[in-house]
Amino acid sequence: MASSPRLLLASSSPYRRALLDRLQLEFSTLAPEVDESPLAGETPAALALRLARLKAETVADAVPGAVVIGSDQVVECQGRALGKPGTAERAERQLAELQGQTILFHSALCVTDGQALYVESVPTTVRMRRLDGEQIHRYVRLEQPLDCAGAFKSEALGISLIESLESDDPTALVGLPLIATIRLLGRFGIHLP
């Protein structure tokens with residue numbers, strides 16, 4: 001019986017790692033060094049797809065023979081891309097801007113073995129609750145969502161900031177759409193145990 005190809009997650013994200021752990025597959029992580037700056041005129045959806053592909057291809061080039069999962073998520077609000085805030089002050093500003101808005105999370109996925117390559121994007125529409133400054137400040141202090149696009153963690157206390165959401169995959173909002181991941185891994189002969 002042939003062994004499964006080596007599986008790599010092209011990410012340093014603890015959120016993506018925790019999601020992939022759910023599938024009970026053996027994998028390693030390798031964070032690619034890529035420039036995540038948007039290109040001139042690039043839409044948030046195109047940015048997410050390009051970065052997912054760039055991450056997967058960069059790691060696949062470094063580790064020939066591996067099957068590599070690359071993923072990226074970009075938050076779109078009124079046509080503008082929002083990234084990870086990095087600081088508590090920026091997180092509070094982002095959440096103040098997003099409160100009461102409908103925003104779109106573009107969760108892009110790329111799986112490649114260096115030859116075949118498949119990409120998919122799973123959008124999630126989120127309607128944010130109206131929040132006052134104290135609620136935002138308290139949330140940021142408690143949750144520290146500085147490394148999360150849109151400045152909130154839906155898998156934790158951030159769910160309290162959401163009025164509603166719509167997606168074909170509940171894991172897409174966390175950063176790695178597992179339903180699409182399972183489907184694309186199957187194209188490389190990697191199936192769940």
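**Reading the model together**

Mentor: Let us begin with Gly150, which is buried, with a relative accessible area of 0%. Buried stands for under 20% relative accessible area, exposed for over 50%, and partly exposed for what lies in between, using a 1.4 Å probe and protein chains only. Please keep in mind that this is a predicted model, where local features need pLDDT of at least 70, side-chain atom pairs count only at pLDDT 80 or more, and totals for chains, interfaces and linings use all residues. Residues are numbered from 1 along each chain as its sequence is written, and side-chain values use heavy atoms, with hydrogens and water left out.

Trainee: Where does Gly150 lie, and which residues does Gly150 touch?

Mentor: Helices (H or I, at least four residues) and strands (E, at least two) are DSSP runs numbered from the N terminus. Gly150 sits in the loop between helix H4 (133–143) and strand E7 (162–167). Contact means heavy atoms within 4.5 Å. Not counting residues up to four places away in sequence, Gly150 touches Val75, Gly83, Gln94, Leu95 and Leu98.

Trainee: What is the phi of Ala151, and is Ala151 buried or exposed?

Mentor: Phi of Ala151 is near 65°, a positive value in a residue other than glycine. Ala151 is found in the loop between H4 and E7 and is buried, with a relative accessible area of 0%. Now look at Gln78, in the loop between E3 and E4. Gln78 is not a glycine either, and has a positive phi of about 55°, but Gln78 counts as exposed, at 68% relative accessibility.

Trainee: Which residue does UniProt list for "active site"?

Mentor: The unreviewed UniProt entry lists Asp72 under that heading. UniProt positions are given in the numbering used here, feature names are shortened, and annotations may be inferred rather than shown by experiment. In the model, Asp72 lies in strand E3 (residues 67–77) and is buried, with a relative accessible area of 5%.

Trainee: What joins the side chains of Asp72 and Lys55?

Mentor: A polar contact of 2.6 Å does. The term covers a pair of N or O atoms within 3.5 Å; within protein, one must be able to donate a hydrogen and the other to accept it, and residues adjacent in sequence count only if both atoms are side-chain atoms. Leaving out residues up to four places away in sequence, Asp72 touches several others, among them Arg16, Glu36 and His106.

Trainee: How much space lies in the largest pocket, and which residues are closest to its centre?

Mentor: Rolling a probe the size of a water molecule over the atoms shows where empty space is left. On a 1 Å grid over the protein atoms alone, a pocket is an open set of points where a 1.4 Å probe fits, with protein on both sides within 12 Å along at least five of seven lines; lining residues have an atom within 4 Å of a point. Grid points are joined across faces, edges and corners, and a volume is the space filled by probe spheres set on the points. Here, about 620 Å³ of space lies in the largest pocket. Of its 32 lining residues, Arg16, Glu36, Asp72, Gln73 and Lys84 are the closest to the centre. Helix H1 (14–21), helix H2 (44–62), E3 and strand E4 (80–82) each supply at least two residues of that lining.

Trainee: How do the residues of the lining divide?

Mentor: There are 17 nonpolar, seven polar and eight charged. Ala, Val, Leu, Ile, Met, Phe, Trp, Tyr, Cys and Pro count as nonpolar, Asp, Glu, Lys and Arg as charged, and the others, Gly among them, as polar.

Trainee: Which side chain does Thr124 make a polar contact with?

Mentor: That of Ser167, at 3.0 Å. Thr124 lies in strand E6 (residues 117–128) and is buried, with a relative accessible area of 1%.

Trainee: What lies 3.1 Å from a polar atom of the side chain of Gln99?

Mentor: The backbone nitrogen of Leu131 does. Gln99 is in the loop between helix H3 (88–98) and strand E5 (102–112), and counts as buried at 19% relative accessibility.
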